[in-house]
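Here is a short tour for anyone meeting this structure for the first time. Take a look at it, then read on.

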Amino acid sequence: METFTRPTAVFAMASWARDGAFPPDVMDRLCRLVDLDPALTLTTFDAPAATTALRHADILITGWGCPRVGGAVLRAAPRLRACVHAAGSVKRLLDPVVFQRGLTVSSAADANAVPVAEYTIAMLVLAAKHALTLSRQYGSTGRMPGVPPAGGLLGATVGVVGASRIGRMVLARLTDFGVTRLLHDPTIPPDQAARLGAEPVDLDELCRRSDLLTVHAPALPQTRHLLDDRRLALMPDGAVLINTARGSLVDTAALLRHCAGGRISAVLDVTDPEPLPPGHPLLSLPNVHITPHLAGAQGREMRRLGEFATAEIDRLLNGRPLLGAVSADDLALSA
């Protein structure tokens with residue numbers, strides 16, 4: 001791997017993303033590695049300040065709020081050799097020309113996966129206790145609701161769709177909960193699923209057997225409406241669907257039909273469309289809990305992203321392998 005002399009770096013992200021990912025101590029570490037103006041954050045590549053900054057940039061440190069990086073940006077940045085993303089997926093951020101130009105690309109997706117896995121586990125625990133639905137009943141009536149007899153995560157069957165980095169973290173964290181773990185992912189062999197502590201099954205069987213089903217697959221043409229009306233109908237009465245991946249993986253109209261009658265419930269951190277329009281019936285169903293795409297790093301959690309990006313730049317400067325390296329081929333299976 002190429003080694004770098006002390007390079008010039010430029011932030012390209014929203015200022016709140018920079019401040020969250022790079023608090024003062026992390027920023028100090030970063031500034032010891034690169035020449036950087038901590039106050040300059042590009043939110044557009046068209047302004048005169050951006051033109052000047054890009055002309056001298058060796059490394060682009062991107063994050064949430066970064067404009068798409070395409071051919072025009074690369075032409076304006078003749079020295080650019082690396083893009084280090086202090087956030088999750090780069091799929092919608094980087095034009096394929098970035099890889100054709102031969103830039104080194106890294107993402108902090110591993111760091112961003114941690115809070116998503118934690119959110120998923122929290123929602124699995126709460127959903128298994130019917131806590132979200134019962135709290136609404138309690139709030140509307142002021143009376144203690146009857147507790148369903150089949151509550152609790154112990155002894156439940158949890159189906160995980162997708163052995164992504166988040167899916168794998170969820171499977172690992174479920175080890176101590178006394179659940180049966182099922183996994184559907186056509187890209188990994190059965191022995192690998194077994195090493196993850198899960199029983200490999202096809203998607204229909206996973207739907208039929210899961211008390212709780214959590215989705216961690218990428219949004220691809222072939223995964224659109226992966227959970228459609230037929231598969232949602234396979235889920236047992238009282239089952240819960242949790243989606244922290246992409247809204248397009250679930251047929252929203254079909255989910256509404258299945259949840260409206262109370263047969264199944266859902267916890268959605270992502271929807272299709274996103275956000276749902278005001279007054280959408282899913283928003284008012286007592287057995288559907290929707291959060292505004294917040295499972296990823298928030299607030300204090302964001303420093304993980306900056307720490308990861310800073311460590312990646314250190315590795316890059318010293319010619320060591322990057323832990324978050326992204327290739328053009330990776331984009332085909334990424335979220």
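Some words first: buried stands for under 20% relative accessible area, exposed for over 50%, and partly exposed for anything in between, using a 1.4 Å probe and protein chains only.

## What you're looking at

This is a predicted model, where local features need pLDDT of at least 70, side-chain atom pairs count only at pLDDT 80 or more, and totals for chains, interfaces and linings use all residues. Residues are numbered from 1 along each chain as its sequence is written, and side-chain values use heavy atoms, leaving out hydrogens and water. Helices (H or I, at least four residues) and strands (E, at least two) are DSSP runs, numbered from the N terminus.

## Two histidines with positive phi

His-225 sits in the loop between S8 and helix H11 (229–234). Its phi is near 55°, a positive value in a residue other than glycine. With 26% relative accessibility, His-225 counts as partly exposed.

His-293 is in the loop between S11 and helix H13 (303–317), and here phi is near 50°, again positive in a residue other than glycine. His-293 is partly exposed too, at a relative accessible area of 37%.

## Rings that pair up

Aromatic pairs are rings of Phe, Tyr and Trp (its six-membered ring) with centres within 6.5 Å; planes under 30 degrees apart are stacked, over 60 edge-to-face, and the rest tilted. That rule gives two pairs. Phe-11 and Phe-22 make a tilted one, at 5.1 Å centre to centre and 55° between the planes. Phe-11 belongs to strand S1 (residues 9–12) and Phe-22 to the loop between helix H1 (15–21) and helix H2 (24–33), so the pair ties together parts eleven residues apart in sequence. Phe-11 is buried at 0% relative accessible area, and Phe-22 is buried at 4%.

The Trp-16 and Trp-64 rings have centres 6.3 Å apart and planes at 20°, so this pair is stacked. It links distant parts of the chain, with Trp-16 in helix H1 and Trp-64 in the loop between strand S2 (59–62) and helix H4 (71–76), 48 residues apart. Trp-16 is exposed, with a relative accessible area of 53%, while Trp-64 is partly exposed at 27%.

## Asp-204 and its partners

Asp-204 lies in helix H10 (residues 203–209). Its side chain makes a polar contact with the side chain of Arg-231, at 2.9 Å. A polar contact is a pair of N or O atoms within 3.5 Å; within protein, one must be able to donate a hydrogen and the other to accept it, and residues adjacent in sequence count only if both atoms are side-chain atoms.

Contact in general means heavy atoms within 4.5 Å. Leaving aside neighbours within four places in sequence, Asp-204 is in contact with Arg-230, Arg-231 and Leu-234.

## Helix H8 and its packing

In helix H8 (residues 165–173), the buried residues include Ile-166, Gly-167, Met-169, Val-170 and Leu-171. What do the buried residues of H8 pack against? They meet helix H6 (109–128), strand S5 (157–161), strand S6 (180–184) and strand S8 (212–215).

## Two cis prolines

A cis peptide bond joins Asp-272 and Pro-273, with omega about 5°. Another cis peptide bond joins Glu-274 and Pro-275, where omega is about -5°. Pro-273 is in the loop between S10 and S11, and Pro-275 is found in the loop between S10 and S11 as well.
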